[in-house]
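Here is a short briefing on one protein chain. Look over the sequence and the structure first, then read the points below.

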Amino acid sequence: MTSSVSASTTIRLPWWILLIGLAIAYSPTYLNRLARWLGADWEWLKGPPSVLIWNWLAVAALFVFIFKVERRSLGSIGLKTLGIQDTLWAITFWLIATATSGMAHAWLPPAPSDETKTILALSLPILVFLIFTTSITEEILFRGYTVERLQELTGQMWVAVAVSATLFVLPHILFFGPHWLLYQGVNVLLLYVLYVWRRNLWACMLLHFLGNAMILFPALGLV
């Protein structure tokens, strides 16, 4: 049986502390745009590589917030020992998501997009770092922390998942286009199912990494 990391096992936090934590978690979504709106024109602000900066800064700030302000452990956001069952389910869900995405691609092949070309044009070390970064940081920022704290804030898991999923999917749709959901929607759904069921963020990171790593095939000219 999987143990829960529900916030109900700890002292309930004031709503305003929860909102501050959520603002930190979602900061990569708006900080890049804010920096450019304020006139910053650094090269790393342009395109996917900005994720390498903002996401890790947000994770560092969030960890400090969890330890120093919330006075909680990383177990409160699902970062606990990865068991064999968690690993097997992550791999199973990845196989399901990959098969579903493959069928979607075969049924309706995606048109070439500038956004995908931008990612494939990255050097291999940067692309690999990007895969690891998004697999780890997005699960911390947009799954583990936000689902747990939104549930604590609203008292409803379905509300927490709905809000978290919407705020996770929206930036991807804005970057890749609405068709992204056709090919990756099942993967996103399974990420939330896996987290809510197993409450293990490492398993979600594994599922996320396996899904992201598929882009290495076209990047290496293997497809």
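Predicted model: local features only at pLDDT ≥ 70, side-chain atom pairs only at ≥ 80, totals over all residues.

The chain holds 10 helices and zero strands.

**Overall fold**
- Along the sequence, the pattern runs α-α-α-α-α-α-α-α-α-α.
- Taken along the principal axes, the C-alpha atoms fill a box of roughly 50 × 50 × 30 Å.
- Of the contacts in the chain with a separation of 6 or more, 80% join residues 24 or more positions apart.

**Burial, surface and charge**
- Buried residues account for 42% of the 223 residues in the chain.
- The accessible surface is about 11,700 Å². Carbon and sulfur atoms contribute 73% of that surface.
- There are 13 positive and 10 negative side chains in the chain. The centres of these two sets are 7 Å apart.

**Helix H9**
- H9 covers residues 201-212, a run of 12 residues.
- From first C-alpha to last, H9 reaches 16 Å, close to the 16 Å expected at 1.5 Å a residue.
- Which residues of H9 are buried? They are Leu201, Ala203, Cys204, Met205, Leu207, His208 and Leu210.
- An α-helix has 3.6 residues a turn, so residues three or four places apart point the same way.

Definitions and conventions. Residues numbered from 1 in each chain as written. Heavy atoms only, no water. Helix = DSSP H or I, 4+ residues; strand = E, 2+ residues; numbered from the N terminus. Buried < 20%, exposed > 50% of the residue type's maximum accessible area, 1.4 Å probe, protein only. Contact = heavy atoms within 4.5 Å. Areas by Shrake-Rupley, 256 points an atom, 1.4 Å probe, with all protein chains shown as cover. Lys, Arg positive; Asp, Glu negative; His and termini not counted. Charge placed at Lys NZ, Arg CZ, Asp CG, Glu CD. Expected span 1.5 Å × (residues − 1).
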